[in-house]
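Work through these exercises with the structure open. Each task is followed by a worked solution.

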Amino acid sequence: MKVNQRQRDGVTILDLKGKITLGTGDIALRNAVQDALNGGARHIVLNLREVSTIDSSGVGELVSAYTTAVNRGGRLKLAGLPSKVTDILQITQLITVFEVYDDEDAAVASFR
């Protein structure tokens, strides 16, 4: 999985591309969120538009990222969920835990 970090209107956006799966994707996600928080980010959007697959490890890492951000005084939101990711979050009922937005614009605007 590839992660690109960028800033927009005071919000850190992590563009995720590829698979959030056991072994590489979950570690890349964890490291990207930790790096953003260590760099002072408090408002984070995970842009999942180009995520092709997510497994239970990836779901666990999303929950861990959310918890870590909240515990450090930040907020983490999800944007652009592909249908596969939406289905998994609905099945696990985690869709009610995360703030989910259809696109990056809506997610960024929600921090204002």
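Buried means under 20% relative accessible area, exposed means over 50%, and partly exposed lies in between. The model is predicted.

**Exercise 1.** Classify Y66 and F98 as buried, partly exposed or exposed.

Solution.
- Step 1: Y66 has 26% relative accessibility, so Y66 counts as partly exposed.
- Step 2: F98 has a relative accessible area of 5%, so F98 is buried.

**Exercise 2.** Find the aromatic pair and give its geometry.

Solution.
- Step 1: The count comes to one aromatic pair. Its partners are Y66 and F98.
- Step 2: Their centres are 5.5 Å apart, and pairing needs centres within 6.5 Å.
- Step 3: The planes make an angle of 75°. Over 60 degrees counts as edge-to-face, so this pair is edge-to-face.
- Step 4: Y66 is in helix 2 (residues 56-71). F98 is in the loop between helix 3 (83-91) and strand 5 (99-101). The pair therefore ties together parts 32 residues apart in sequence.

**Exercise 3.** Describe the largest nonpolar core.

Solution.
- Step 1: This core has 25 residues. Those with the most contacts inside it include V33, L46 and L76.
- Step 2: Elements that each supply at least two residues include strand 2 (11-20), helix 1 (25-38) and strand 3 (43-54).
- Step 3: Leave out residues up to four places away in sequence; V33 then touches L14, L46, A65 and L76.

**Exercise 4.** Locate F111 and the charge over its ring.

Solution.
- Step 1: F111 belongs to a second, separate core of seven residues, which also includes V11, V45 and A107.
- Step 2: The charged end of K77 sits over the F111 ring, 4.2 Å from the ring centre.

Methods: Residues are numbered from 1 along each chain as its sequence is written. This is a predicted model: local features need pLDDT of at least 70, side-chain atom pairs count only at pLDDT 80 or more; totals for chains, interfaces and linings use all residues. Side-chain values use heavy atoms; hydrogens and water are left out. Rings of Phe, Tyr and Trp (its six-membered ring) pair if their centres lie within 6.5 Å; planes under 30 degrees apart count as stacked, over 60 as edge-to-face and the rest as tilted. Helices (H or I, at least four residues) and strands (E, at least two) are DSSP runs, numbered from the N terminus. Buried means under 20% relative accessible area, exposed over 50%, partly exposed in between (1.4 Å probe, protein chains only). A charge sits over a ring if NZ of Lys or CZ of Arg is within 6 Å of the ring centre and within 35 degrees of the ring normal. A nonpolar core is a set of buried Ala, Val, Leu, Ile, Met, Phe, Trp, Tyr and Cys residues joined through side-chain atoms within 4.5 Å. Contact means heavy atoms within 4.5 Å.
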